[in-house]
Amino acid sequence: MSSAVKTLNVGMLGCGVVGSSVARLLKEDSGDFAERSGAHLTLVKVAVRDLSIEREHVPKTLLTDDALSVVNDPTIDIVIEVMGGIEPARQLILNAIKNGKSIITANKALLALHGAELFEAADKNQVDLYYEAAVGGAIPILRPMRESIVGDHVHRVMGIVNGTTNYILTKMDEEGRAFDEVLKEAQKLGFAESDPTADIEGHDAAAKAAILAGLAFHSRVTSSDVYCEGISKISARDVAVARDMNHVIKLLAIAELTDKDQVSVRVHPTLISRQHPLASVRNAFNAVFVEAESAGELMFYGRGAGGAPTASAILGDLIAIARNKTRGGEGHGESDYADLSIAPIDDVMSRYLIRLDVADKPGVLATVAQLFASHNVSIETVRQSGRGDSAELIVATHSAPESALKKTVAALAKSDVVKSVESVLRIEGNSK
Ligand code: HSE
């Protein structure tokens with residue numbers, strides 16, 4: 001028998017794949033949720049764009065096409081925002097906060113752009129703003145960062161936080177296929193959106209990187225702070241070269257503390273050793289790898305998208321907020337006390353892999369090596385494969401600043417002995 005004494009009314013903005021799962025689970029597991037939170041959690045209003053669509057788990061009487069009526073409803077205690085987009089989601093959340101409602105959102109783009117404004121409003125109005133589902137879907141990563149390892153010093157966070165791109169890169173790696181072909185197949189199978197830009201160009205991962213960096217380093221980080229490169233230029237040859245080196249290419253969201261105590265935050269395709277735990281994260285799965293001073297290495301793995309997985313994280317937040325409400329008090333607010341600055345990408349150190357199409361004749365290697373040396377970029381290995389008059393040179397460097405690498409590449413592109421710079425990729429991990 002339920003020992004819950006209180007009822008908390010829940011309103012929802014949006015009812016797509018994620019919202020429908022939230023509604024279904026709220027209905028199916030209401031007894032357990034009441035026991036776990038100390039309150040009956042009742043979905044009382046759901047704002048949708050199209051009232052004519054049948055929603056299996058939401059009675060018609062709960063639906064409205066007036067989102068303001070949800071955030072202004074005095075009987076609603078908690079608002080779940082799963083509509084996505086920047087506006088009107090931002091304004092609706094701000095209104096709900098002003099009206100004293102606690103918020104759960106899965107909206108990474110909104111948080112990465114307007115997080116400060118939303119957190120300040122939540123703080124001022126003494127309500128909770130939880131967003132576990134915004135990064136890594138079902139993976140509990142934000143709460144562990146905020147609570148479990150908040151007594152540690154995080155040095156670096158590296159995440160595979162976009163399932164679409166990880167699916168594409170996995171197929172390219174395992175089946176040797178080209179990017180365009182795999183993307184088309186992924187779209188047909190529903191693994192990629194019909195407009196895949198936000199995923200393949202890294203924007204979705206960049207929003208998540210900003211959120212992770214802010215939490216890891218107790219500083220405000222927005223999506224505009226994130227250096228971002230997507231995977232659309234990755235060729236089957238790049239993947240094959242990485243494979244030959246016993247590496248795999250992953251789109252990584254990286255947030256790390258530099259030697260100057262600045263935050264470097266970036267998203268780009270990265271070669272990682274097949275021995276690294278992140279290399280084993282296949283298909284649409286996500287994972288976040290954290291390096292902290294005392295804890296050492298941690299990895300969080302799971303489903304980064306989809307109705308039920310995302311709903312799992314949202315319902316965890318819902319119960320956490322309900323507990324705060326039944327026992328009194330608020331949860332955590334924003335922690336930005338460290339106020340670290342963002343490292344310019346030009347200062348960021350990385351190892352690189354540069355693939356060059358060159359003429360196969362005496363002196364070419366010496367000229368290429370000289371161009372690296374003159375920009376103070378140290379070469380770790382060079383491999384050459386001949387193809388008639390021309391050859392492919394694959395140069396792996398030791399760690400160098402991005403600015404030096406850029407100048408080297410510009411000089412290589414201008415050099416008479418280089419027919420083309422085929423690709424420039426970053427390598428994560430120490431030289432072996
Ligand atoms: N589109 C994202 C992905 C999920 O492919 O992982 C939502 O952020």
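Reader: Before we start, what are the ground rules for the numbers?

Author: Residues are numbered from 1 along each chain as its sequence is written, and side-chain values use heavy atoms, with hydrogens and water left out. The model is predicted, and local features need pLDDT of at least 70, side-chain atom pairs count only at pLDDT 80 or more, and totals for chains, interfaces and linings use all residues.

Reader: OK, how is the protein divided into domains?

Author: Domain 1 takes 7–135 + 307–327, domain 2 takes 142–303 and domain 3 takes 345–427, with bounds that come from an automatic or database domain assignment. The centres of domain 2 and domain 3, taken over C-alpha atoms, are 25 Å apart, and their contact (heavy atoms within 4.5 Å) takes 18 residues from domain 2 and 15 residues from domain 3.

Reader: What area is buried between domain 2 and domain 3?

Author: It is about 1300 Å², with 59% given by carbon and sulfur atoms; buried area here is the accessible area (1.4 Å probe) that two parts lose on being put together, summed over both.

Reader: And how many salt bridges cross that interface?

Author: The rule, which asks for a side-chain nitrogen of Lys or Arg within 4 Å of a carboxyl oxygen of Asp or Glu, finds 4 salt bridges across the interface of domain 2 and domain 3. Separately, Arg237 forms a salt bridge with Glu392, with the closest N and O atoms 2.3 Å apart.

Reader: Which elements give two or more residues to the side of domain 2 that touches domain 3?

Author: They are helix H11 (236–244), strand E9 (247–257) and strand E10 (263–273), where helices (H or I, at least four residues) and strands (E, at least two) are DSSP runs, numbered from the N terminus. The largest share of that side, 6 residues, comes from E10.

Reader: Switching topic, which residues surround the ligand?

Author: Counting residues with a heavy atom within 4 Å of the ligand, they are Lys108, Asn162, Gly163, Thr164, Asp199, Asp204, Lys208 and Ala305. An oxygen atom of the ligand lies 2.6 Å from a backbone N or O atom of Gly163, while polar side-chain atoms reach a ligand oxygen at 2.9 Å from Asp204 and at 2.7 Å from Lys208.

Reader: How many salt bridges does the whole structure hold?

Author: The structure holds 29 salt bridges, and in one of these the side chains of Arg156 and Glu256 meet at 3.5 Å, N to O. Arg156 lies in strand E7 (residues 154–160) and Glu256 in strand E9, so this pair ties together parts that are 100 residues apart in sequence.

Reader: Where is there a cis peptide bond?

Author: A cis bond joins Glu87 and Pro88, with omega about 5 degrees, and Pro88 sits in the loop between strand E4 (78–81) and helix H4 (89–98).

Reader: What about phi at Asn246?

Author: Asn246 is not a glycine, yet has a positive phi of about 60 degrees, and its place is in the loop between H11 and E9. Most residues other than glycine have a negative phi, and most peptide bonds are trans.

Conventions
Polar contact = N/O pair within 3.5 Å; in protein donor to acceptor, adjacent residues only side chain to side chain.
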